[in-house]
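I open my notebook with the sequence and the structure side by side. My plan is to look up a few features one at a time and to write down what I find.

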Amino acid sequence: MSSTIWVGNIRFGNANIPVKLHTAVSQNRVQFHLLHKLDRVKLQQRMICAYDKMPVLADEQIKGFPVEGRKYILIDPEELHEVEPESSRTIDVHEFVKRGEIDPVFMERSYYLAADAAPESYNALVEALKEMEAE
């Protein structure tokens with residue numbers, strides 16, 4: 001059975017519909033640990049400087065966007081936080097499009113949308129989408 005991965009609202013026009021998003025396919029993958037062959041102890045991942053071949057502690061690491069060669073634009077985590085979009089539990093719908101108008105790259109994973117409350121408003125949305133598909 002799929003699990004709920006998001007709860008929020010779909011809003012278009014004056015309609016505000018509470019919904020839940022579920023994964024269509026659950027992915028059960030076998031997970032392995034990387035072990036030292038001799039003593040079967042789990043290995044640790046470390047960041048090693050390519051220049052001096054020494055481990056680099058987390059507080060000595062910084063993100064950079066490559067420009068050319070060894071030139072980078074250094075990115076401060078504070079800067080990334082500032083440009084992070086505001087979190088929301090509402091999806092604002094500005095227009096509907098037919099399925100054939102959507103690039104297949106956006107169809108990699110499938111999800112189910114279900115009413116969270118007020119199923120009558122959710123059912124109206126479903127009927128509107130069916131009518132649009134029939135046109």
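**Confidence.** I began with pLDDT, the predictor's confidence in each residue, from 0 to 100, and I looked up its mean for each element, where helices (H or I, at least four residues) and strands (E, at least two) are DSSP runs, numbered from the N terminus. Among the elements of the protein chain, strand S4 (residues 71-75) has the highest mean pLDDT, 93, and helix H2 (residues 119-134) has the lowest, 82. For the protein chain the mean pLDDT is 87, with 97% of its residues at 70 or more.

**Ground rules.** I note that this is a predicted model, in which local features need pLDDT of at least 70 and side-chain atom pairs count only at pLDDT 80 or more, while totals for chains, interfaces and linings use all residues. Residues are numbered from 1 along each chain as its sequence is written, and side-chain values use heavy atoms, with hydrogens and water left out.

**Salt bridges.** Next I looked for salt bridges (a side-chain nitrogen of Lys or Arg within 4 Å of a carboxyl oxygen of Asp or Glu), and a search of the whole structure finds three. In one of them Arg11 pairs with Asp92, and the closest N and O atoms are 2.6 Å apart. This pair links distant parts of the chain, since Arg11 is in strand S1 and Asp92 in strand S5, 81 residues apart. I then checked accessibility, where buried means under 20% relative accessible area, exposed over 50%, and partly exposed in between (1.4 Å probe, protein chains only). Arg11 is partly exposed at 35%, and Asp92 is partly exposed at 37%.

I also looked up the salt bridge of Lys20 with Asp116, whose closest N and O atoms are 3.6 Å apart. Lys20 lies in strand S2 and Asp116 in the loop between S6 and H2, so this pair ties together parts that are 96 residues apart in sequence. Lys20 counts as partly exposed at 28% relative accessibility, and Asp116 is partly exposed as well, at 34%.

Glu127 forms a salt bridge with Lys130, with 3.8 Å between the closest N and O atoms. Both residues are in helix H2, and because they are three residues apart there, about one helical turn separates them. Glu127 is partly exposed, with a relative accessible area of 43%, whereas Lys130 is exposed, with 51%.

**Aromatic rings.** How many aromatic pairs does the structure hold? I found one, using the rule that rings of Phe, Tyr and Trp (its six-membered ring) pair if their centres lie within 6.5 Å, with planes under 30 degrees apart counted as stacked, over 60 as edge-to-face and the rest as tilted. The rings of Phe12 and Phe96 are edge-to-face, with 5.5 Å from centre to centre and 85° between the planes. This pair, too, links distant parts of the chain: Phe12 is in strand S1 (residues 4-12), and Phe96, 84 residues apart from it, is in the loop between strand S5 (90-92) and strand S6 (111-115). Phe12 counts as partly exposed at 23%, and Phe96 is partly exposed at 35%.

**Backbone angles.** I wrote down first that most residues other than glycine have a negative phi. Arg40 has a positive phi, near 60°, and is not a glycine. Arg40 is found in the loop between strand S2 (15-23) and strand S3 (63-68), and Arg40 is exposed at 61%. Lys53 also has a positive phi, about 60°, without being a glycine. Lys53 sits in the loop between S2 and S3 and is exposed, with a relative accessible area of 58%.

**One more loop residue.** In the loop between S2 and S3 I also looked up Lys42, which is exposed at 53%. Which residues does Lys42 touch, not counting residues up to four places away in sequence? With contact meaning heavy atoms within 4.5 Å, Lys42 touches His33, Leu34 and Leu35.

Finally I looked up Ala128, which lies in helix H2 and is partly exposed at 41%. The C-alpha atoms of Ala128 and Pro55 are separated by 58 Å, and these residues are 73 residues apart along the chain.
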